[in-house]
Amino acid sequence: MGSIDYTQELSVVEGKPALRELDELISKPLDSKPDIKFYIALAVTLTMLTIGAIGLTASLYYGTGLWGNNNPVGWGFPIVNFVFWIGIGHAGTLISAILFLFRQKWRTGIARFAEGMTIFAVITAMIFPIIHTGRPWLAAIYLLPYPNQHSLWVNFTSPLLWDVFAVSTYFTVSFVFWYIGLIPDFATLRDRTSNKIKKIIYSVTSLGWRHSNRHWQNYELTYLILAGFATPLVLSVHTIVSFDFAVAILPGWHTTIFPPYFVAGAVFSGFAMVQNVLIFIRKIFNYEHIITMDTLERMNKIILLTGMLVGYAYSMEFFIAWYSGVQPEVFAFMNRAFGDYFWAYWIMFSCNVFIPQLFWFKKVRRSIPFMFVIAVLVNVGMWFERFVITVTSLSRDYLPSSWAYFKPTLTDASLLIGSFGLFFTLVLLFTKSLPVISIAEVKAVVDGSQPKHGDH
Amino acid sequence: MKKSFLDYTLKVRLPITLFVALLAFMITFYVSRPERDGIGYQPDQPIAYSHKLHAGQMKIDCQYCHTGVTKGRHALVPSANICMNCHSMARKKQPEIIKLTKYYEENTPIPWKRIHKIPEYAYFNHSVHVNKGIKCETCHGNIADMEKVSQMKGWTMTACLDCHREPQQFLPYLENVKMVQQTVQLVIDKR
Amino acid sequence: MSNKIGTKNIWKSIKEYQEDPEVLEAKLHEFKQGVTDDFDPDQQSTFSRRKFLAVLAASTAYAATACTNYRDKGEIVPYVKRPEEILPGKPTYYASTFAEDGLSYGVLVKTREGRPIKVEGNPDDPINKGKIPSRVHASILNLYDPDRLQSPTISKVKSSWKIVNEEIASKLAEANSANKEIAVFTNHITSPTTAKVLDEFKLKFPSVKIYTTHLANDNNRVSAWKKCYNQNILPSIKWNKAKIIVALESDFLGKEGNTVENRANYALGRDIVYTKELSKLYSVEGAMSLTGMNSDIRLRLNPQLQFEFVLSLANQLMQLGAFGASELSDNVISLIRKNSLNNFAEKSGLQIEKLKLIAKDLAENKSNSILVAGDALNEKVHIFVNLLNDLLGNNSLYNYDHGFLIDSEISTPQELKSFVAKCNDGKIAAVINLDANPVYELPTSLGLSDALSKVETIISLSEAPNETTNLSKYILPLHNYLEAWGDHKTRNGLLTLQQPVISPLFDTKQKEEILLSWINTEPVDYHKYLMENFKTEVFDTNNSIADFNTYWLTSLHDGIVTTSKNSITENKFDQSIVKDFTTSLDGFTVLVQNNYSFGTGKYANNGWLQELPHPVTKVAWDNFAAVAQRTAEKLNIVNDDLIEISVNGKSIKLPTMIQPGMAEDTIAIELGYGRKNSGEVANEVGFNVNELLNENSLSQFIFGGATITKTGEVYKLASTQEHHSLDEEFVKDFHRIREIIQEGTLEEYKKNPSFLKEHKHEIFSITEPHKYPNEKWAMSIDLNKCLGCSECISACNVENNVPVVGKDQVARGREMQWIRIDRYYSGTPEEPIVSAQPMLCQHCDNAPCENVCPVNATNHSPDGLNQMAYNRCVGTRYCSNNCPYKVRRFNFYNFRDNFADSHYQNELTDLVNNPEVTVRSRGVIEKCSFCIQNIMEVRENAIRENRPINPNEVKTACQSACPTQAIEFGDSNNKNSYVTKNREHELSYHVLEELNVRPNVTYLAKIRNTDSEDI
Amino acid sequence: MSEKLFSYTALFNTPDEIIHAAKAVADKGYTKFDVNTPYPVHGMDSAMKLKTSKLGFVTLFAGLGGAALALLTMGWMMGIDYPNVIGGKPFFPLPAFIPITFELTVLVATLSTVAFLLFFFFKLPNNRHPLHDTNYMKNVSSDKYGVSIEAEDPKFNLEEVKSLFESLHASVIEPVYFDEEEVNYKPKIADGKFLAFLAAVAIFVSVSAYTHLNYLLYIVPFNWMAEQGKLVPQSTNDIFTNGSSMQTPVEGSVARGFIPYAFKDKPDEAGKFLVNPLIPNEQNLAVGKNKFNIYCSPCHGYLAEGDSRLRGQFPNPPSLHSEKVRGWSDGRIYHVIVEGQNVMPSYSSQLSREERWAVVNYIRVLQRSLNAKESDL
């Protein structure tokens, strides 16, 4: 312990690479042909995606009956997956917006990547609310308040409709945020490339950016404004997703603690996922000095913190249920821990609360294999958290007569696998088509990249 | 490629193209709407029956043939025996009447082409409307002037709602028409 | 053909229509050529032909839509000559009769445009008063069953009536001249005209011998009655007058006798809204029955001990001075003296207090109580019970008004055995199955199917394929009862008439017409034959002032005629017939009964009935061996374990169902399952228990000395309700803790009528509630009257086009019934207290489902209904999640397409759908609509007649079907409605009141007539 | 390279140099100059003497607009345009509107800010800028820091600028020229190819919109439940031989409330035994009049005088005011309605039983009106 001196800001990028070297390094994956490992990885993710596509096609053709959902358990895997992926999406905006507002410079190495993962996770997530409906072909249009020949509007009191707005806003804003950040990098790429077609593409995407400091001024302000908006937005999105449950009257759902609890959980799982992927990226593309061990350690600390927040929420739920004295409420929580789905609950609890405690040890925090396994388990645990909330509460609600046990089917599993396939396919394609690290931002934090006298 | 051309494409041509696409969609949408709503559908009928002659000139009441209109949900196309009330004698030699007689004598129902239809998930009851004094023409147009019947008005849910929301405007001949916006829910998209 | 009615109007047209040779020919094949071929079950290969056709039809429709003008809305085909009684779009009703197993129910068939769409009870029926059991509700599906036999076949090859009749006539003539026996198998013949036809048949062919089979019969009761009183009339019982009812292994509310009548009369004695005097029902039984479920005090007793029990009871009653020894003959006294209640209590392990209470109540309520023995019990028990009733003066509760006619008898085992022997000896020339299914209905051990294989000429007259048609050379398809003429006489002094409501759908014939065509060479019109018989039998004896034609038409119109009654001879009870008998209690006792939904299996090929949950266990699509918890522990078996039950060398395998309240070492099994060759729905559903029955005694339903072995296999039962073990503290008594079920004892209620409301406090809303200025529809359900019989479910299924989903989907918890009967247990697994509660959409004012629907597909109507716009629904299922009552149903598949490879997805079964109700597609939520179509019809009529709506005018399907009038529906804004009255009753409550969703279904708390407080 | 000079540029190697240079250039009073750096260099705003950005106002107003738009739209849709009772909630459930209001505020504010930034503040896309594709741009895009003073600057003087840059120790100093081709590029609005492209787009959009809206949306699965597996009246059906969903009752069957007419071919008995169940009153006379005018008047005339409106196509019936008809009992007239008479057909399928009696009553009134008894006068 004690090797980090907190009184002084550490260099974010290890060593002092020349700026041109950074260009080379970051754009290397874009300029070189993918190697065999990439194709193998892509083959794996595409296979997963195909499995999901087959499951989806079957579900569309035969009906939602192919899933395990039944009468009390109206929502099963698709909604669990939706909440899970939306949660994954939270780390990106958190890193890029909230850490930006807190002036955490260590975010620069991972911000672009995390934002990309946000967008892919949200894309993956957005599929589920649509396909989980009985008539997806209509859901896609009926959920929008457009003037129609029935003169009907949507129901703005439904949390599902709030989701439509929240998730689409979140996607749009994240995307814009991401794109704004990419513009200077596109310009750099444009000026580096000798390929004519790439040149045209980068010209279009960079919109003719010329690194003008008259632009940088407004650009930075916009970035700040966007970060300012993205911060409450990211909190609102999972809050609203939690409203899907909290606004319902079901015992175990109807809980005021859900919004903060969901947000903490989302950050938790998002960080774990980003950390997982970064471990590979920094190795494969030799970014160890940009995505440093310090950065990873900091992420692990956040995982530890949010894990404890989540653990607090779990305990508080129990306390409040007991304190309320409402029998169905007390039962709902007892049932989670000791009912038919106790296994899911204890997987969730141990993966989310107990296992991250290992991060108290610095050695664990700085050990790649350890942190990888822990982060994977965190995501397993967080998936089960959504499962516990959704399925356990539904399977045993008010009337004992309508209770039933939910058993997932192969189709359910295929859609879950497919969602991972889609996400990782997008991630893989992203690493080969766009700079996974913000060139301009990294340059700005390399030692000696800012004036020394520093009049601010 | 010239960079100016690139800029020009991005700044001018792209927006124009998008605008043109939007405009094309809007125009298509509005122009094709009546067709979508069934307005103007005028199929050939197996027997060239003229409402203009019967209802217009001879002033035979609609209910003479459409007997169900005050009694139930369906207005009913007349059974051939109602035609034969008169055409057992009247104009027996006319080719169309010969066709009619043939159907009647062979005991084959006349396969009229359906013009007006609301989807089966919607509920509309003729008798409720007619017994409240609403005239046939309000929805069907002036049938008594039609040689060959065609649909005159769109029968979308919006059309129902329009009248239920502002009955005074659509049913000026009725006194004491109340705002019936709420009752429209009873009618549309239910069951 | 009859031409008396007229020459100038529609009747004449129909006559012309029917006489036109071309039309006649066409009528012979009511289906157009080619259409029927699709449904020929024999031609189905293993690859489902039906599914293929459904897909084909769908793709053709798709292609057709895609290729034609989308504005083409098809054709309108009006009538050529519209009959006066049919106004398209409006229902027309016909009075008719449904008869089965010696019972008949007057029905009103609701037809639309000449097609029957629903069967309702005939309110003019003096016995059933407009109520019918679920199998009659569901019988409409049998008419449109694609598995029906559709044309005559010879050796399974399609033939024509002409050829078939000629061949059979020659065979019969041959047999007749050779004087070889022609065996005719039939079920109970309740029709006097059919009986007359059979008599004629016997006259023509003297070698005819008639065998009557009846699987689950009441022969013990009937023969006991005959022995006791020597009467041919069995009285019904005035349940409503009884203060004390003691049911001995008798399920008179569930499946014995005319349950509809029993339930209605029983409920009259439990009408808490109007009286605080309730009857008290004791049930002493081994199996958990519907009656036991509803009893105030229930005792578990091995059915083999019933005789000892009644003897001990008699002993106690005598001690209490309910009757004197002088009233008894010596043999009876000695029998009674041998037993005492104390000894019996010791032997059976029953609580002596409870036993004494029975005796005390019986003694105190002489001539106001009734003991009733179950069909399964031995004749000797019945005799003794009759004696006890006689001694207690309870015979005043016997209702001889329209008593049951019990003159027909089923064939004896000896007759049947000799038939089998004759078959084996080749002495039988021909076997005619007259709408009977002996191969299935008779004990398998009789060896009938082997015997029949030795008979060359087997002629089966049947509506649907079954085990016997499978062995038959000639298969002659019969009309469904909705296509046929008939008359039925099951009750003294009543004749019910049956008239066809649709022309035959297939190339079928009336069974009497077939017999007559063998008797006479000329075809006979049975309609005319029936009329003639009616004229001589009824009209001529009734001294009516009207002419025959009017009288006949009026009788047909009413569906029911009172006729002269058989006189009843008052006979003294002959006590010498009371005999002792002993039973051994070795091993396990097996109790076999018919099942609740389709009795003995004749109507097993009916998805609605198969899917109707068992009222006690809630299991659908199977029968099972019900055992007590302790017995299961002893045998080391759990639910769904396949066990082998062996009795007298016969054995069957059945899945286990641990049933609270079963007597120890007793196994209850239901008949009617395990059908083979009887259609896609019924085939191989459940297990055939007939293999266990005794070929030496057709009325033995209790078997002692059975052995049980665990096979180690598992067979999954599908149930609509999860089984929560009673002793699992975790979830015990939730229905009471959460006040889903509210109950009290009579004593408590009398002491403090508002005992329910005392701990309640007012619930308020933070916003102003919406106003409903006109009608506001609401329902009330009286749990005192609700017996849990599930007939409402059946009626609702038919009325609201509820699809059949099949066993696998039920097992997944996806059944679609809009109303369900929730059954809750409290107490111990040994002595459970059972509560039943119909649960349907509560139409809450503050409906939680509405808030969460993103597309506004469900919202409130101005008359207070929670309405569902199916076509707006995208199927998020959020509403279902947020419904605290879980009454919303989701179409996970197109269930008509999904079940048994689109068994219900064909043009024929479409005919069963109510045209006024949307046939829901895949992916939408549906739920109870409070029969909005009926509300709209009443509203339409009120507008036409320019009058306000009567608050009690609208009837929902469940309400009209409820035999006990437990359900009331009406306008809660109106003080004059029954609903308002019940809502304001002190026992009224809402389920989950504290959620403040303000349901519009009010329940009346159940009051139990018990002295103990431990309910 | 005889082109027009755009600007003079200088490249520097370190951030400190560029800050210094920017300050120097700004201090010299140049206004049309720019500093290009690969990333935002701290302190450059003040070094360049740039004014504070106004972008924040755009965000503020767009955000407020978004919030107002959301609230007003939702309020109008749920409270005014189509109020529905949903879960017993009021027609303007404000708490339920808050999430969407927030989302739309953020969405509108962000999009407007970015759009304003890129298209109004920066006037992007701008690829034709002369700085592009110069050595200068290649360097500032990667690792160098550059200053460029435009020739258009009022203070611009080639030599002064050069010496300024030299005095600042710029590593590279070079001029940037306008590209003649780019400057002279004149966009053709009415370019034939583009117009053709536009036409193609319009046609494509139009055709696909039409096929979707008017065609594809009418086939499965979109049309589910518009046609259902049930038989509606007057529809065709393949099951039955008559091809219709409607069947006639079986001969001899009696429907509830429809006991067949007992006096078929017995007019006199009908006259004798049939009793009019309706006592004439205002209500049933109104029904009678209505039905008479609908069903009888085409031949009999509105006053039953036999004045047909059928233009002689059908034999005119005799007046109903004749002695004979007046002498008939109600039952006898009823019989004619049921059975017809001579060429008059039966009206039993058009008039219900009660309506027939109402018509009889009305005929009585008509007869009375022309042949009033003295007591009526």
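Biologist: How many bridges join β2(C) to strand β3 of chain C, and in which direction do the two run?

Modeller: Good place to start, and keep in mind that this is a predicted model. To read a strand pair, count the bridges and then look at the direction. Here 10 bridges join β2(C) to β3 (residues 103-112), and the two strands run antiparallel. For one pair of residues to look at, find Phe98(C), which stands opposite Tyr105(C) in β3(C).

Biologist: Which strands make up the open sheet around that pair, and in what order?

Modeller: The order is β2-β3-β4 in chain C, 3 strands with antiparallel pairing. At the edges stand β2 (91-100) and β4 (115-121); each has a single partner strand, so one side of each has no neighbour in the sheet. Ignoring direction, neighbouring strands of this sheet are turned by 35° against each other on average.

Biologist: Now the whole chain. How many helices and strands are there in chain C?

Modeller: Chain C has 34 helices and 40 strands. Its radius of gyration is 29 Å, close to the 31 Å that the globule rule gives for 1015 residues, so chain C is as compact as a globular protein of that length. The C-alpha atoms fill a box of roughly 80 × 75 × 70 Å along the principal axes, and 61% of the 1015 residues count as buried. Sequence separation is worth a look too: among contacts in chain C with a separation of 6 or more, 75% are between residues 24 or more positions apart.

Biologist: Into which domains is chain C divided?

Modeller: The division gives domain 1 (153-217 + 410-562), domain 2 (219-403), domain 3 (588-719) and domain 4 (729-763 + 776-1008). To read a domain pair, take the centres and then the contact. The C-alpha centres of domain 1 and domain 2 of chain C lie 38 Å apart. Their contact takes 6 residues from domain 1 and 4 residues from domain 2.

Biologist: How do the residues on the domain 1 side divide?

Modeller: On the side of domain 1 that touches domain 2 in chain C, there are 2 nonpolar, 3 polar and 1 charged.

Technical notes:
Residues numbered from 1 in each chain as written. Chains lettered and ligands numbered in written order. Predicted model: local features only at pLDDT ≥ 70, side-chain atom pairs only at ≥ 80, totals over all residues. Helix = DSSP H or I, 4+ residues; strand = E, 2+ residues; numbered from the N terminus. Rg over C-alpha atoms; globule rule 2.2 N^0.38 Å. Buried ≥ 20, exposed ≤ 12 C-beta atoms within 10 Å, placed from the backbone. Contact = placed C-beta atoms within 7 Å. Pairing = 2+ DSSP bridges. Axes fitted to C-alpha atoms, helices over the stretch in contact; angles between N-to-C directions. Domains from an automatic or database assignment. Nonpolar A, V, L, I, M, F, W, Y, C, P; charged D, E, K, R; others polar.
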